[in-house]
Amino acid sequence: MAGPRTTVEAQAFYRMYHSYADIPDPWDRLRWCRYGLDLLQKEVAAMVGMEE
């Protein structure tokens, strides 16, 4: 599960989608992965050299 800064939001998201395969939208699939790694959008953006 996600770390303290996203716990409430991540828990709500995980209740909505029980597995990665249940998620139809690619953006929500990215969010699922990001929550699983406990990363913020700005951290992912910095990793790939983009703005948030």
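Fifteen is the number to start with: 15 residues line the largest pocket, and Leu30, Arg31, Arg34, Gln41 and Val44 lie nearest its centre. Helix H2 (26–36) and H3 are the elements that give two or more residues to this lining. A pocket here is an open set of points on a 1 Å grid over the protein atoms alone, where a 1.4 Å probe fits, with protein on both sides within 12 Å along at least five of seven lines; lining residues have an atom within 4 Å of a point. Helices are DSSP runs (H or I, at least four residues), numbered from the N terminus.

Before going on, note that this is a predicted model: local features need pLDDT of at least 70, side-chain atom pairs count only at pLDDT 80 or more, and totals for chains, interfaces and linings use all residues. Residues are numbered from 1 along each chain as its sequence is written, and side-chain values use heavy atoms, leaving out hydrogens and water.

Let's stay with Arg31. Its side chain meets that of Asp28 in a salt bridge (3.5 Å, N to O), meaning a side-chain nitrogen of Lys or Arg within 4 Å of a carboxyl oxygen of Asp or Glu. Both residues lie in helix H2, 3 residues apart, about one turn of the helix. Asp28 counts as buried because its relative accessibility is 14%, while Arg31, at 31%, counts as partly exposed. Buried means under 20% relative accessible area, exposed over 50%, and partly exposed in between (1.4 Å probe, protein chains only).

Now turn to helix H3 (residues 41–48), where Met47 is found. Met47 counts as exposed because its relative accessibility is 58%.
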